[in-house]
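Biologist: I would like to go through the aromatic contacts and the surface of this model. Could we begin with the terms?

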Amino acid sequence: MRVAEKVTTAPSPQPGTGPVAGRSREGSLRRRALDWVPRLLGIAAILVVLEVCSRTGVLPRESFPPVSEIYGSLLGLVGDPGLWVEIGRTMRGWAVGLLLAAVLAVPLGMLLGASRRAFQMSRLVIEFLRPVPSVALIPLAVLVFGVGQDMKVFLVAFACFWPILFQSIYGVQDVDPVARDTARSYGLPPLARFARIILPSAAPYIATGLRISSAIALILALTAELVVGAPGLGRAIVVSQVSGSITQMYALILATGLLGWLLNTVFIAVERRLLRWHPSHREVAL
Amino acid sequence: MRTAPRVGNFLLQFLLPAALLLGYGVWSAQADSFYFPPLTEIGSTFAETWLFERVPVDLLPSVSRLAAGYGLAVVVGVTAGIALGLSRRARLTAEPVVEFLRALPAPALIPFALLLFGTGTNSKVFIIALGTVWPILLNTIDGVRGLESQQLDMARSYRIPSRSVLLHIILPAASPRIFAGMRTSLSIGIILMVISEMVASANGLGYFILQSQRGFEIPEMWTGIVVIGLLGFVLNWLFLRVEARVLFWHRGAKGLLGESAAAPTADAAPTADAAPTSAAALTADAPTPVAATADGRGPDTATTPNVPSTARSSRPVS
């Protein structure tokens, strides 16, 4: 029940990447550059196919405007401050909710990870609450918080709380017992033990939890906007669909996807940089 | 031998849930809050609403949509994942598109789905399938890539027909990862099921809770939330059962390997439950001791989903 996300999102160590290590640096660089050829071809192919399908009427043009028009619309929107206002609203819900979840979940997770008794007492509650989909709480959140930013933040924070909590628990529980005992027998004060042993070994886990949660936060923020109508990108998508400007709807969906991709990329890059010393990040597997 | 503490531990688990329920029951009985009705009222409304009047009206459509969308995602994800896992070129070609679609929050596509399929069941199935396919696809790719190339070479040199290679070598080797992906997808699927039913829908659990809220039928809304929670819990539990059955060989092999190390911890909940199954995920290329300890947590598997990947990554080491 616990670590399912980790499987899909753990940084990169994949078995079967062993041989890469032996390859010469120059060769791997050239190879990496060559890898971009099929990638770009893939993008080009799908764009061309969509464009042709729409222009020739294989896909009904009114529901599937040509890709070029969608991109044109997106370019037009980029110059328009309105889009950035919507993105800002979505991102504010994302950031505040995520921050709130982290502030609550990291200390609690570390506490539960450190104390067996506390972990056992709360286990059933956590195991029961965790699979409960956060979206089930949308109606409650609307009642209590209204349809504005607070509701969005609550939903985001609730959904993000669990991955961060679990990762923090595992991170602390996974501290190498030898290191912990060594520190203790050398008489390191608790604070130093925490700062030098527990925090560093839990950090990669917490980082993974934050990365998972960042994607979840975006989903929840958009859901709050789409379903309930809180201001933001999600509502803008609905508005353009309802008002019949389909091209703009696609442009906004495209912008949302790019936003999600950007967030994920930034998170991975930051994680790599901050946790360079950790074994899981030492060798970039490709 | 140490039954007393074990019983104590067992009871300890129920202390907090019981206290919470009791606390809410006592508080809500006298609080007279509109949004948080008394526990007893929620209970009686639950019995009226869900035993079994609304089950065929709301629960069944929801579950069947989930099943259809999820089933579709499994079929597509595994098929495409095997194809992409085997061919590096195909993988690179598909990578940007997959990365983009994966990063795109599925709810953003609800308007698109409505445009494409109308407001009926199909649009919901589409959204569920679209949102749940990525973890399955990516895990299948990883699972197939993790296959030892010697096995494939061996199969080729023995001229084993490709169908058998697929069925007897590739699929079993990738199945622990496939299951890990399916598990992640299951919870995403439940979320998307609820969300998709909240927009332009005429029945379903999501529709029910949103309608109850809009009609200010607060106890009904709470029962809907409870039903969704129970559904998530039960499906998760069922999934674990199925996984344990299908991957029994995997667990069995692990159990033998880790027998000596694992036996003592099997019952001692704290250490066994604390098993850092994630250790292998994060430190697959770390020094041996880490992998070896992770491998020793065999019997704990019942509650730990990604043990499969743990096992695979640590097998070469041990």
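Modeller: Rings of Phe, Tyr and Trp (its six-membered ring) pair if their centres lie within 6.5 Å; planes under 30 degrees apart count as stacked, over 60 as edge-to-face and the rest as tilted. The model is predicted: local features need pLDDT of at least 70 and side-chain atom pairs 80 or more, while totals for chains, interfaces and linings use all residues. Residues are numbered from 1 along each chain as its sequence is written.

Biologist: Which residues do ring pairs link into a cluster?

Modeller: The cluster consists of A:Phe64, A:Tyr250, B:Phe112, B:Phe117 and B:Phe126. Over all chains, the structure holds 17 aromatic pairs. In the pair of A:Tyr250 and B:Phe112, the ring centres are 5.7 Å apart and the planes are at 70°, so it is edge-to-face. This pair crosses between chains, from helix 11 (residues 246-274) of chain A to helix 5 (residues 110-117) of chain B; helices are DSSP runs (H or I, at least four residues), numbered from the N terminus.

Biologist: Are A:Tyr250 and B:Phe112 buried or exposed?

Modeller: A:Tyr250 and B:Phe112 are both buried (under 20% relative accessible area, with exposed over 50% and partly exposed in between; 1.4 Å probe, protein chains only).

Biologist: And B:Phe233, where does that lie?

Modeller: B:Phe233 lies in helix 10 of chain B. Its relative accessible area is 31%, so B:Phe233 is partly exposed.

Biologist: A change of topic: which ring does A:Arg39 lie over?

Modeller: A:Arg39 lies over the face of A:Trp36, 4.7 Å from the ring centre (the criterion is NZ of Lys or CZ of Arg within 6 Å of the ring centre and within 35 degrees of the ring normal).

Definitions and conventions
Chains lettered and ligands numbered in written order. Heavy atoms only, no water. Helix = DSSP H or I, 4+ residues; strand = E, 2+ residues; numbered from the N terminus.
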